[in-house]
Amino acid sequence: MLHVYCDGATRPTNPGPSGYGVAVYRDEVEVVVDSGFLGDAVSNNQAEYAAFLRGTQIAADYCEASESITFVSDSLLVVNQLRGRWSVLSS
């Protein structure tokens, strides 16, 4: 089973300078770690979603055919929208 840990952040203002981090483990063994800068005018929510999307890309590259994937995020927005508990607003 793959475990994908995702996090995004914006500091010191929101929006502001932002980045993401992703760590992928298989059976408690590190598979890959990735991080990146997203720009100077990104919101915290955008950074959290960027981390999740990058995590899905990495998981797709490393996942074996019958393997399960668990995503872990501290973003209530991302978790609850993906679970269908919170609505997604479109512009």
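The legends below describe close-up views of one predicted protein model.

Residues are numbered from 1 along each chain as its sequence is written. In this predicted model, local features need pLDDT of at least 70 and side-chain atom pairs count only at pLDDT 80 or more, while totals for chains, interfaces and linings use all residues, and side-chain values use heavy atoms, with hydrogens and water left out.

**Figure 1. The protein chain and its elements.**
The protein chain contains two helices and four strands, which follow the pattern β-β-β-α-β-α along the sequence. Helices (H or I, at least four residues) and strands (E, at least two) are DSSP runs, numbered from the N terminus. The C-alpha atoms fill a box of roughly 40 × 30 × 20 Å, taken along the principal axes. Of the 91 residues, 31% count as buried. Here buried means under 20% relative accessible area, exposed over 50%, and partly exposed in between, with a 1.4 Å probe and protein chains only. Among contacts (heavy atoms within 4.5 Å) between residues at least 6 apart in sequence, 56% join residues at least 24 apart.

The four strands form an open sheet in the order 3-2-1-4, with mixed pairing. Strand 3 and strand 4 (69–73) are the edge strands, and each pairs on one side only. On average, neighbouring strands of this sheet are turned by 15° against each other, direction ignored. Such angles run from 0 to 180 degrees between N-to-C directions, and the axes are lines fitted to C-alpha atoms, for helices over the stretch in contact. Strands of a sheet pair through backbone hydrogen bonds, either parallel or antiparallel. Two strands are taken to pair if DSSP finds at least two bridges between them.

Strand 2 (16–26) and strand 3 (29–42) pair in the antiparallel sense over 10 bridges. Val22 has Asp34 of strand 3 as its bridge partner, and Gly16 stands opposite Val42 in strand 3. The hairpin has two residues between the strands. Asp27 lies in this loop and has a positive phi of about 50° although it is not a glycine. Glu28 is in the loop between strand 2 and strand 3 as well, and its phi is near 70°, a positive value in a residue other than glycine. Asp27 counts as exposed because its relative accessibility is 56%. Glu28 counts as exposed because its relative accessibility is 76%.

A cis peptide bond joins Arg11 and Pro12, with omega about -5°. Pro12 lies in the loop between strand 1 (2–10) and strand 2. Another cis peptide bond joins Asn14 and Pro15, where omega is about 0°. Pro15 is found in the loop between strand 1 and strand 2.

**Figure 2. Helix 1 across the sheet.**
Helix 1 (residues 44–62) lies across strand 1, strand 2, strand 3 and strand 4, and runs at about 155° to strand 1. At 1.5 Å a residue, the 19 residues of helix 1 should span 27 Å, and its end C-alpha atoms are 27 Å apart, which agrees. The expected span is 1.5 Å times one less than the number of residues. The buried residues of helix 1 are Ala47, Glu48, Ala51, Phe52, Gly55, Ile58 and Ala59. These residues lie on the same side of helix 1, because they cover an arc of only 140° around the axis. The arc is that of the directions from the helix axis to the C-beta atoms. What covers the buried residues of helix 1 includes strand 1, strand 2, strand 3, strand 4 and helix 2 (76–82). The face turned away from the buried side of helix 1 carries the exposed residues Ala60 and Asp61.

A disulfide is a covalent bond between the sulfur atoms of two cysteines. Cys6 counts as buried because its relative accessibility is 6%. Cys63 has a relative accessible area of 25%, so it is partly exposed.
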